[in-house]
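Let's go through a fold together, one feature at a time.

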Amino acid sequence: MRPRFTALKGVADVLPPETSLWRKIENAAAGVMGAYGYDEIIPPVIEQTGLFLRSIGDSSDIVAKEMYTFTDKGGRSVSLRPEGTASIVRAYVEHNLPVRPAPQKFFYFGPMFRYERPQKGRQRQFYQLGAECFGIADPGVDAEMITMLLTLLDRIGLKGLSLELNSIGCKECRPAFKERLKGFFGPHLNELCPDCQRRHEQNPLRILDCKVERCIEIRKNAPLISETLCQDCKDHFSGLLGYLDAMGAAYVLNPHMVRGLDYYTRTVFEVKGGAGLGAQNAVAAGGRYDLLVSEFGGPDTPAIGFAMGMERLAGLLQGEAAVPGPVLFIASMGKEAAVEALRMAARLRDGGTRVELGWGGSLKSQLRRADKINAGNVVIIGEEELMSGRFKWKDMRDGSSGEGGREDIFKQFSQAK
Ligand SMILES: [Zn+2]
Ligand SMILES: [Zn+2]
């Protein structure tokens, strides 16, 4: 027996018509982000493992449990990227982009990899669309990026979304907050889940992100970072709110939001689905990471970014997935007619018109296929049409028809008018 292959567990094919939806989202994203001055960057999907240990943090769940890490044939530890920002910061420093005028703005789209237990809405290979902006500390840049993100989600067709914001402080004020958290959770250590017991030692901030019920219960009265922010962080955050107010952007302050990655500083944000969209799940999320560029050996460079999951976006829009039927279907009888059909189709396709051909079989079976693929119009080429050079076409939606020579067909169906 021949082997029958299937895709690996936790990875999925994306098929038409869903791919047309993805393309629509990508195009909308490139259009909106282009208007904001963002250009595409395409980093590799594989990097030195150390890059992610250093940026995402080795205490994070991603690095501790979910990375696709292996030793290559040269004995190097390499990892498939679990997210996009680390690679882009690496590229920014490696190619000396800090010398270019600030801000430097990039967007990216591509697959990410996390070895998680596959479940609905969670794949081991998943796609993210994201953006990064380097070089400006002013909270106006945060507001600009958030405005861009909201515009983009609106352009894609997502409505009723809510924006949640928080500030998680800087290297000046966060250590004190971590100590307060440690003190708060200390007496509850035995009640916390095993992950949180580990987090208590390594990074107590993460306990605020835990999804385990009893940890959520315990942290209800935990201290808030807003109580510990230094004056600069307070000013930065109120500056952001001022800009957003001026832009008329609605937001909700969420003092409990910390985000799961180590590198965030100050502003963090999430866009969540409104009613009917699974209000608890973020559609997009991001934040500032003012220390990461210098962490990677670059000059002190403030930066901010966000990412959104393609599968989730497409899932929310699923009703809209559709592959367009051909504008014209050309049925032909006999070899000479097939040649004529191919020539006619090539000319129309040159101008961008979607054309399908009948390719043999009875006229009846060709027309059945035209119907099945939702052809907008049908032309039939037989001996008579070849002799006279006159062709009839029929509009399959309203039943109207027309007749003319080759030039008339071209005029009627060409998209490149
Ligand atoms: Zn601070
Ligand atoms: Zn926990």
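Predicted model: local features only at pLDDT ≥ 70, side-chain atom pairs only at ≥ 80, totals over all residues.

A: Residues are numbered from 1 along each chain as its sequence is written, and chains are lettered from A and ligands numbered from 1 in the order in which they are written.

Q: In what order do the five strands of the open sheet come?

A: Strands of a sheet pair through backbone hydrogen bonds, parallel or antiparallel. Strands here are DSSP runs of E, at least two residues, helices are runs of H or I, at least four, both numbered from the N terminus, and a pair needs at least two DSSP bridges. The order is E13-E12-E14-E15-E16, with mixed pairing. E13 (355-357) and E16 (401-404) sit at the edges with a single partner strand each, so one side of each lacks a neighbour in the sheet.

Q: In which sense do E12 and E14 pair?

A: Parallel: E12 (residues 328-332) and E14 (residues 377-381) share five bridges. Ile330 stands opposite Val379 in E14.

Q: Is Gly248 buried or exposed?

A: Count C-beta atoms, placed from the backbone, within 10 Å: 20 or more others means buried, 12 or fewer exposed, in between partly exposed. Gly248 has 7 such neighbours, so Gly248 is exposed. Gly248 lies in the loop between helix H9 (231-247) and strand E8 (252-253).

Q: And what percentage of the 417 residues in the protein is buried?

A: Buried residues make up 36%.
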